[in-house]
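Me: Could you take me through this structure? I would like the overall picture and then some local detail.

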Amino acid sequence: MIPEPLFEPVHFQQELDTLRKKVNCDFAAVALYENHEPSGPIKWQYVSGNLNSRYKLIVLRKGRGLAGTVMKTGKRMVIENVSKTITPEEKIKYPILMSENLNALVAIPLWHEQHVAGVLLLGQRGSKTLPKVINQLNIKGRLWEFNEEI
């Protein structure tokens, strides 16, 4: 039996669009377990500011890729400068970086009922740095039922 979705998709997309604009980022995305099953694959299901639709082809497992790593650890991942932090060989492990040409990012775990249910990714392209507001960003009440911590 597949659990009920946590939110209304149309409203969630609007919340994501609003959040991306409010924090002044080029790209925002939310990765969730497919079919809301923790044993299933992880996919980028909601995006805002995307360059293309390649994100739809990215399928991850817990502990793999950007979303999978954050879902496994339950902690934020911040990369201030992708080209200085991640080698070209390692970059292949993070397909969302390549498909959306991201240079700086923060990936935030989305907790729901004491489990990481998803990941919020906020990123910048080109030479833009992450906005200062991201360090203090509290997603509680901004993205439906999700919190950043238990």
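Me: What share of the residues counts as buried?
Reply: Of the 150 residues of the chain, 47% count as buried, where buried means under 20% relative accessible area, exposed over 50% and partly exposed in between (1.4 Å probe, protein chains only). This is a predicted model, in which local features need pLDDT of at least 70 and side-chain atom pairs count only at pLDDT 80 or more, while totals for chains, interfaces and linings use all residues. Residues are numbered from 1 along each chain as its sequence is written, and side-chain values use heavy atoms, with hydrogens and water left out.

Me: And the accessible surface of the chain, what does it come to?
Reply: About 8400 Å², of which carbon and sulfur atoms hold 50%. The areas come from the Shrake-Rupley method with a 1.4 Å probe; for residues, only the protein chains shown count as cover.

Me: How many helices and strands are there?
Reply: The chain has five helices and six strands. Helices (H or I, at least four residues) and strands (E, at least two) are DSSP runs, numbered from the N terminus. Along the sequence the pattern reads α-β-β-β-α-β-α-α-α-β-β.

Me: What about contacts between residues at least 6 apart in sequence?
Reply: Of these contacts, 57% join residues at least 24 apart; contact means heavy atoms within 4.5 Å.

Me: Let us turn to the strands. Which way do β1 and β2 pair?
Reply: Strand β1 (residues 27-33) pairs with β2 in the antiparallel sense over six bridges. Two strands pair if DSSP finds at least two bridges between them. Tyr33 stands opposite Ile42 in β2, and the bridge partner of Ala29 is Val47, also in β2.

Me: Which other strand is joined to β1?
Reply: Strand β6 (residues 115-125) is joined to β1 by six bridges, and the two run antiparallel. Phe27 stands opposite Gly123 in β6.

Me: Is β1 enclosed or open?
Reply: Strand β1 is largely enclosed by the rest of the structure, because seven of its seven residues are buried. Both faces are covered, with Phe27, Ala29, Ala31 and Tyr33 buried on one side and Ala28, Val30 and Leu32 buried on the other.

Me: How many residues of β2 are buried?
Reply: Five of the seven residues in β2 (residues 42-48) are buried, so the strand is mostly covered.

Me: Where is Ser48, and what are its polar contacts?
Reply: Ser48 is in strand β2 and counts as buried because its relative accessibility is 3%. The Ser48 side chain makes a polar contact of 2.8 Å with the side chain of Asp17, and one of 2.6 Å with the side chain of Arg20. A polar contact is a pair of N or O atoms within 3.5 Å; within protein, one must be able to donate a hydrogen and the other to accept it, and residues adjacent in sequence count only if both atoms are side-chain atoms. Leaving aside neighbours within four places in sequence, the residues in contact with Ser48 include Gln13, Leu16, Asp26 and Phe27.

Me: How many bridges join β2 to β3?
Reply: Two bridges join β2 to β3 (residues 59-60), and these strands run antiparallel. Lys43 stands opposite Val59 in β3. Lys43 and Leu60 are 17 residues apart in sequence, with their C-alpha atoms 6.4 Å apart in space.

Me: What about Pro41, buried or exposed?
Reply: Pro41 is buried, because its relative accessible area is 17%. The residue is in the loop between β1 and β2. The C-alpha atoms of Pro41 and Leu60 are separated by 5.6 Å, although the residues are 19 apart along the chain.

Me: Which residues are buried in α2?
Reply: In helix α2 (residues 65-73), Gly65, Leu66, Ala67, Gly68, Val70 and Met71 are buried. Just after α2, Gly74 takes a positive phi of about 75°.
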